[in-house]
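Biologist: I am new to this structure. Could you show me how to read its features, one at a time?

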Amino acid sequence: MNTNSHGQSLGQPLAIAGGVAALAVLPFLAGNAYLEHLLVLWMLYALLALSLNIVIGYLGELTFGHAAFVGVGAYTSAILSTQLGLPPLLGLPLAGLVAAGFGLVIGYAALRVVGPQFAILTLGFGAILFTITNHWVDLTRGPMGITDIPPMAIGPLAFDSARPTYYLVLALVLATAYLCHALVGSRTGRAFLAVRENAPLAASLGINVFHTKLMGFVAATAIAGIGGAIYAHYIRVITPDIMGVHNVAALIIVVIIGGRGTILGPILGALVYIGLLESLRVAGPLRMVIFAALLTGTVVFLPGGLISLWQRWRNAHRSENNLPATPTGLPSTEGGAK
Amino acid sequence: MDFTVFAQQIANGLVNGMAYVLIATGLTLVFGVLRIVNFAHGEFYMLGAYITYFVGTLFGLDYIAAAAISAVVVAGLGVAANKLIFWPLRRDHEFTILLSSLGLALLIANGGELLFGADPKYVESPFADEVLDIGTVTLTQQRVLVFAAAVVALIAVYLFIRYSRFGKMMRATAQNPDGAALTGINIGLVHTYTFALACGLAALSGALVGPTVMIFPTIGNWAVLKGFIVVIMGGLGSVTGALFAGLLLGVIESLGGGYISLGFMEAIGYAMIIAVLLWRPNGLFSTARGLR
């Protein structure tokens with residue numbers, strides 16, 4: 001990610017190619033349908049976490065409404081395909097568009113305030129969308145949820161099982177990861193980081209803080225909507241719970257535990273979340289207690305998330321070999337909000 | 001539009017609103033004095049209701065005593081939460097504090113589900129089934145008690161902040177923590193009793209509202225959301241704002257639920273704060289920094 005400037009210009013593309021190749025062969029190593037299903041969930045959470053990371057990691061604002069946009073995307077595509085018979089392939093971009101539309105309106109209203117007030121406002125907006133979804137029975141079938149959602153299909157290729165869906169979501173995760181990488185290096189991305197680090201200073205340099213934040217927020221909600229639509233067509237059943245507080249907390253946990261403001265962090269966080277969620281299934285409600293403790297522990301003791309452990313190790317390794325070390329903790333271009 | 005129905009809706013709204021005010025006052029005090037947005041505040045409301053229930057059923061104490069014990073115990077838990085999480089993090093970024101309070105909220109809510117079970121409970125109160133007629137309005141005694149006890153508690157809090165030595169220390173800390181510390185005010189002590197007061201108020205609200213509804217381990221989510229709406233609408237840190245906004249939210253929800261749609265009642269409340277915030281982004285009663 002940030003290593004090009006530190007003499008690893010050859011190592012990094014190789015590492016990325018190796019990582020992508022490993023991800024590509026994973027379903028063949030999984031061996032059974034259950035593990036393949038978990039891989040799909042991992043990639044779905046990674047996609048959603050990458051989108052949330054744009055707001056939390058790059059814009060430095062905490063949103064509690066992200067799951068609502070996932071739900072808007074999921075419901076848009078599900079309703080279009082079940083009630084209007086629209087092919088899911090068309091529903092996917094429409095889900096992103098509708099979610100982005102909601103993101104634009106909500107972001108326009110909520111981004112007038114920043115910090116804790118913004119977080120609380122997004123929580124309120126999320127609650128409105130949840131309430132409407134739960135009670136507008138004519139459209140959403142309320143708490144009964146929408147069932148028999150057709151699977152995603154591109155021509156003759158149907159994504160009706162875990163393995164093809166895995167590759168679909170993997171492709172989207174890689175595309176989103178690349179977009180985030182390109183964003184951080186672009187003028188717009190630098191504006192995001194400038195706004196995160198010091199909004200008044202950024203404004204004095206001619207950056208329109210409100211528009212910059214709104215742009216990032218809308219992009220994040222569009223990706224969340226697409227992720228939600230894929231989820232709906234993969235699981236084939238959705239209920240308003242997808243927008244619930246539980247899911248909001250899950251996405252935040254993924255981003256924070258993995259490492260906010262980085263690209264690998266949310267992907268790693270999603271792996272840890274799904275892995276723990278399944279391996280601790282016997283623990284029942286204790287699972288969420290463990291996740292809550294992990295969240296608080298990470299925030300307090302490891303603000304850069306798990307990914308920062310790797311950075312620390314690498315720096316220690318470098319100093320042994322008298323190589324220039326990158327600053328510990330959060331690197332300057334991709335660090336999370338302090 | 002029938003006047004009796006209308007008056008009844010207003011009365012119901014004021015009672016609900018008063019419970020919101022109790023929750024929101026603690027939330028706004030913690031923010032106003034300590035600059036902490038406590039996401040776990042609603043969980044202290046939940047604990048208040050549950051401890052009242054357990055003290056009542058396990059020890060056979062009457063409702064009033066159980067409610068008082070619950071408020072004191074939860075105030076103690078609030079102090080413990082402050083010592084373990086908020087005080088050590090006081091110099092950290094608000095982001096860190098908000099996230100750790102989210103972690104605490106999940107911890108208490110899910111820990112509560114483990115300990116108390118997910119099935120709904122019903123807090124026994126001798127006032128829950130007795131009815132009181134005020135003019136054309138009919139309320140259960142419990143709901144009258146919610147309103148009356150909340151008014152008494154709020155007046156006590158007002159007098160405490162306005163006239164007591166501790167209250168003056170709180171206001172000084174709210175205006176400028178470093179300046180307050182320089183004049184010899186023990187900031188750690190201010191932290192401790194602000195949390196005790198805030199969590200005690202949340203628990204009192206839970207204990208009062210408990211007998212009028214079913215309680216679940218997840219009601220903390222609901223409580224903190226209502227509290228936040230009220231606090232944001234009134235202006236973060238403003239106690240007066242919380243009072244007006246809380247009553248307004250209660251009445252509007254009640255009228256919306258009665259005349260428009262019960263299902264969308266909640267959404268109407270949220271829609272209201274958005275309208276207010278588009279007009280005044282920092283809330284109705286926001287001015288300079290300090291406790292109001």
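Modeller: Keep in mind that this is a predicted model. Start with B:L99.

Biologist: Is B:L99 buried or exposed, and why?

Modeller: Count the C-beta atoms around a residue; 20 or more within 10 Å make it buried. B:L99 has 27 other C-beta atoms within 10 Å, so B:L99 is buried.

Biologist: In which helix is B:L99 found?

Modeller: In α4 of chain B. An α-helix has 3.6 residues a turn, so residues three or four places apart point the same way.

Biologist: Which residues is B:L99 in contact with, leaving aside its neighbours within four places in sequence?

Modeller: Contact here means C-beta atoms within 7 Å. On that rule, B:L99 touches A:I256, A:L295 and A:V299. Within chain B, there is also B:F39 to look at: its C-alpha atom is 8.2 Å from that of B:L99, although 60 residues separate the two along the chain.

Biologist: How many residues of chain B are in contact with chain A?

Modeller: On the side of chain B, 36 residues; they meet 35 residues of chain A. Helices α4, α9 and α11 of chain B each supply at least two residues to that side. The largest share comes from α4(B), with 15 residues. By class, the side of chain B that touches chain A has 24 nonpolar, 9 polar and 3 charged residues.

Biologist: What about strands? In which sense do β1 and β2 of chain B pair?

Modeller: Look for the bridges between them. β1(B), residues 131-134, and β2(B), residues 137-140, pair in the antiparallel sense over 4 bridges. B:L132 stands opposite B:L139 in β2(B). The hairpin has 2 residues between its strands, and B:G135 takes a positive phi near 60° there. In a regular strand the side chains alternate between the two faces of the sheet.

Biologist: Now the whole of chain B. How many helices and strands are there?

Modeller: Chain B has 11 helices and 2 strands. In sequence order the pattern is α-α-α-α-β-β-α-α-α-α-α-α-α.

Biologist: What does the radius of gyration tell us about chain B?

Modeller: Compare it with the value for a compact globule. For 292 residues that value is near 19 Å; chain B has 19 Å, so the two agree. The C-alpha trace spans about 60 × 50 × 35 Å along its principal axes. Of the 292 residues, 52% count as buried. Among contacts with a separation of 6 or more, 77% join residues 24 or more positions apart.

Biologist: Over in chain A, how does the span of helix α2 compare with what it should be?

Modeller: The 27 residues of α2(A), 33-59, should span 39 Å; the end C-alpha atoms are 38 Å apart, which agrees. α2(A) bends by about 40° at A:N53. After the helix comes A:G60, with a positive phi near 75°. α2(A) is mostly covered, with 21 of its 27 residues buried.

Biologist: What covers the buried residues of α8(A)?

Modeller: The cover includes α2, α7, α9 and α10 of chain A. Buried residues in α8(A) include A:F192 and A:L193.

Definitions and conventions:
Residues are numbered from 1 along each chain as its sequence is written. Chains are lettered from A and ligands numbered from 1 in the order in which they are written. This is a predicted model: local features need pLDDT of at least 70, side-chain atom pairs count only at pLDDT 80 or more; totals for chains, interfaces and linings use all residues. The radius of gyration is taken over C-alpha atoms; the globule rule is 2.2 Å times the number of residues to the power 0.38. A residue is buried if 20 or more other C-beta atoms lie within 10 Å of its own, exposed if 12 or fewer, and partly exposed in between; C-beta atoms are placed from the backbone. Two residues are in contact if their C-beta atoms, placed from the backbone, lie within 7 Å. The expected span of a helix is 1.5 Å times one less than its number of residues. The bend at a residue is the angle between axes fitted to the seven residues ending there and the seven starting there. Ala, Val, Leu, Ile, Met, Phe, Trp, Tyr, Cys and Pro count as nonpolar, Asp, Glu, Lys and Arg as charged, and the others, Gly among them, as polar. Two strands pair if DSSP finds at least two bridges between them.
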